[in-house]
Every structure is written in C-alpha cells, then in structure tokens.
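Please open the structure in a viewer and keep the selection panel at hand. The stops below are meant to be followed in order.

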Amino acid sequence: MQLGQDETPLDVGQQRQVRPIDATDERLFSLWSMVDRDTMGNRYELLDDLVDDSNEIAHYHGHGQHGGSVSGRIVIKRDFEAAYKRLCEQYFNGDESLYTAQQFKRRYRVSPSIFEKVYQQLLGKGVFRRPDKLDACGRKGIHPLVRMTAAFRVLAYGCGADREDENLSIGESTVHDAVKSFCKLLIQEFGDEYLNRTPTVAERNRILKHNKTRGFPGLFASWDCKHFVWDNCPVALQGQHKGHHAGGKYTKILEAVADGSCYIWFVHFGAPGSCNDINVLDKSSIVGALLSGQLDLKTEPYEINGTIRDWMYFLVDGIYPNWAIFVKTIAKEAREATPHLDFYASRQEGVRKDIERAFGILVKKFHVLARPIRTWREDDMRNILYACIILHNMCCAERLEVTGQDVVETEYHDDYTDEEVNLTTADGGEQFIFNRVPVPTSDAANDMETLMTERFHRVNALYNHLSDPEKHLQLRTDLVAHLSGRQAEK
C-alpha cells in the first residue's frame, strides 16, 4: 500500500497484533471507511483506537485477544510441593503422622493397607504419573499421592471438585480428571478380582456354611435392585429415567447380588428409572452370566427335607418370577392362619436383608452415591459406582481375612457337616439341574456350526431348568418344612 505525504509507517515497536476480523468488528470498520481522510489526520491513530475497541468487545463476548484463552480464567500460583509435604505429615509419616489409622480409615473410607495397595498399582498410569516427571514448563507438577487423595475425598464425601483446593492445592478441573482416571484405572486393575466373578471353592464353602447355620442350606446370596439419582440427566433422556423412586427424580438402576458378609458379587447397572425389577431382570447381565457359566451355581449336593439338589439359589422379594433359583416370601394374607408359614416368611425376609445392608453400607460409606450424581455421561456414572463397589468389596475381603468367618446368628445355629451326599442312593434326582444339562462334546470343537448348536441347546436347557416354576414351589415347600422342623426341635 502506498502512503500519503502526511502518513508515516509505524515503528516495529509500535506495531500491534490485530486479530482476524469477525462480526463484532464490521460496524467499527464500516465507520472507519466512511471517515474523510483529510479531516481525520493520521489513519493509523484511528486504527489503534478501533483495535482497542474491538478487543474490549471481544473480551465482553468471551473471546480473548489470543486464541484459546478462556475469559475470566486466572492463574493461581499453587505450591504443589508444600501441599505434598503437608499431606505426608498428616497421614503418610508412619507412627509420627499427625492423624491415626482410625482417622485415616474414616476420611479415606479404606484402611491404610488397602490405600497403599491401590496407590502402588495405579502409580505411573493415567494422570497419576510418577512424581519425578516434569511438566511442559520443566517444573514438577502435582504429586500422584495428592491426586489420589483428592479422588478418594470426592468419592467419600461427595463434595464439589474445588472443595480440596484449600488443603491440597489442586484445581477443580484437575480433580475432575483425577476422579475419572481413578475410577477407570481401578476397574481395569481390580475389576477381575473384586467384581463380577464366581466365588472360589473356599469362598463358596464359607458362604454355604454360614447360610446353613441361618436355616437356608444351599443359599448363595440375596438379589435386589436400587435406584441412584442422576442429577445431570440430559433432557432427551429424562422421560425414560423418571419413575416413582426418589420423589419422581431421574434415576439409574443398579441390580446386585450380595452374600451375608455384604460382599457384592455381581452387578448390572444402566437400566432407566422407569423400569421395575422385572424389566431389569429381562435385560440383566447377571442372568447372562448364569447362562454363560461366568456365574456358576453348581455346588456339591445338599439335602433339604429329604430332597437332594446340586444348585445354589437366591433370596428375592415378591415381585420376582417363580424361578427355581429364586426363593420368595409368602404373602401376609396367606400366612396369617399358619404359624410355620409365618415363621418361614419372617426368616426369609430377615436373611434377605443382606442385600439391603450391602446397599446401605455402600451408600453410607461413599456419599457420592447418597447424593444426586453430578455427571453428564452414563459411563462416568457407571465407573464411579463400580469403583465404589470395588473399594467396598476390598474392605469386606479384608474384614473376612481378619475375622476368619462371617458372623453367625446363634439363635438359629445349626450344626454343619462336610459330608458329601451319595448321588447313587439319594432320592429326589428330579431336582438336579447341572447333571441333566447337555455338555458340548470334544469332537465338535473342530466344527464351529456343530459347536454353536450344542452350546445353544445347553443354554436353552439350562434356562428352562433355572426358571422352572415347579422346582421353585418344591424348594419353598422344603424350606418351610426344614425351618419349621428346626424350630420345633428348639
């Protein structure tokens, strides 16, 4: 561009960076083009004023002068090293720590040994990178111990992400990333051991022994559902997630199986809050685990009222269907005139509270579940819930290792023997399931079509046996007679 006689270029030091023209600048530049050059003097002076005005407008609309900046964001000079040292002095300084192990367990919701196990397993993964690594500016960032502590505090207290900034010197967005990464890594590293697996032989024998002392031989666990409020449920999904639970709020349903020690073995999460227990059961992954063999109910034969069975069962409430693996209570109208039915119903309802106790402990221990869960994505909500269940199961497993056994109800204590039942002489063979289910032959391994056909026949036969209403009624009849007989002896 050629300059006039009275126009001189700006010096390099005086040049100003002009951001690209957008809609906010159109009116200003149109006015500038209409000004008479003879009456305005130096055109570049007006250009400087217009740039200042456009920058002010851009700041008002949330656009900074430099691309990528966020309006209103400030830089807080946090002392990460001091926060780490302060945390170590409080909890991680051995016997010289400011707070005791009991206070640690109360605030972290897990024992120091469990926290150390989780910390060592997750160290160096995700956002919990090792403390010797430097950030992009060549400085040491937030220590992974501080990040993990913030994640535990959010799960334990259900507080806002910026709540720990005063003590741990960690920002809100950093805490959000730490919680998400912690939940994902915890499921990845400990999910196979503490979530959705079949109990070992030793664990199964412990559970069966404990339940037999309570009057229910062959009982594995209790089965039920619980609703959790989804605070940030998208508008497009609110219709299907609104039910009669929690005052008509938007909820997600957790379906779980828990034993007498409140250990949660299997879970299924994701059904919308408008569903009931029957709808959840129709799409349950726990039923899929039963059919696929991931959850194996086969056990050593046991006897109830002279009938021999080779499968474990669950205690459920009255809405569930009459399946062979479900033991339900008896309606109040049907048991009022029969004392032994009333005794059976009270015992069934009392033992079935195992799953209710497990839900109660889970919610009371991790307050993030007691409050409306503030996540936008369903998978983030699922990860938070599964992470809390894994930590809960780790605490239950630690308690069982210390005590060595479950708490036994001495009022209904029954002598337990490990004698095996003779299958060749025992009666009641019609009540067996697993020895009547076809098994794929080894010769079919090389023929995929034949193998899949045999597997389909096995799954179909297993489902028909597990959902047999006649076996359900016979099992309940045997349990009524068994409990009334034990009560009469006492």
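**Salt bridges**

Begin by selecting Arg214, Asp354 and Arg357, which a network of salt bridges links together. The model is a predicted one, and salt bridges number 17 in the structure.

Next, display lysine 252 and glutamate 378, whose side chains form a salt bridge with an N to O distance of 3.1 Å. Lysine 252 belongs to strand E2 (residues 251-258) and glutamate 378 to helix H18, so this pair ties together parts that lie 126 residues apart in sequence. Are the two partners buried or exposed? Lysine 252 counts as buried, at 3% relative accessibility, whereas glutamate 378 counts as partly exposed, at 28%.

Move on to arginine 335 and glutamate 349, a salt bridge in which the closest N and O atoms are 3.1 Å apart. This pair links helix H14 (residues 332-335), which holds arginine 335, with helix H15 (residues 339-351), which holds glutamate 349; the two residues are 14 apart. Arginine 335 is buried, with a relative accessible area of 13%, while glutamate 349 is partly exposed at 31% relative accessibility.

In soluble globular proteins, nonpolar side chains tend to be buried together. Here, the largest nonpolar core comprises 118 residues, and those with the most contacts inside it are Val118, Phe182, Phe220, Trp223, Tyr313, Phe314 and Leu391. Helix H18 (residues 378-403) supplies the largest share of this core, 13 residues.

Centre the view on phenylalanine 182. Which residues does phenylalanine 182 touch, not counting residues up to four places away in sequence? The partners are Val118, Leu122, Phe128, Met148, Ala151, Phe152, Leu155 and Leu391.

**A helix crossing**

Finally, select helix H4 (residues 80-91) and helix H7 (residues 144-157), whose axes come within 10 Å and cross at roughly 65 degrees. The crossing of H4 past H7 is left-handed. To inspect the contact, show Tyr84, Leu87, Cys88 and Tyr91 in H4, which meet Leu145, Val146, Thr149 and Arg153 in H7. By class, this contact between H4 and H7 has 6 nonpolar residues, 1 polar and 1 charged.

Methods
Residues are numbered from 1 along each chain as its sequence is written. This is a predicted model: local features need pLDDT of at least 70, side-chain atom pairs count only at pLDDT 80 or more; totals for chains, interfaces and linings use all residues. Side-chain values use heavy atoms; hydrogens and water are left out. A nonpolar core is a set of buried Ala, Val, Leu, Ile, Met, Phe, Trp, Tyr and Cys residues joined through side-chain atoms within 4.5 Å. Buried means under 20% relative accessible area, exposed over 50%, partly exposed in between (1.4 Å probe, protein chains only). Helices (H or I, at least four residues) and strands (E, at least two) are DSSP runs, numbered from the N terminus. Contact means heavy atoms within 4.5 Å. Axes are lines fitted to C-alpha atoms, for helices over the stretch in contact, and angles run from 0 to 180 degrees between N-to-C directions. A crossing is left-handed if the near helix is turned anticlockwise from the far one by less than a right angle, and right-handed if clockwise. Ala, Val, Leu, Ile, Met, Phe, Trp, Tyr, Cys and Pro count as nonpolar, Asp, Glu, Lys and Arg as charged, and the others, Gly among them, as polar. A salt bridge is a side-chain nitrogen of Lys or Arg within 4 Å of a carboxyl oxygen of Asp or Glu.
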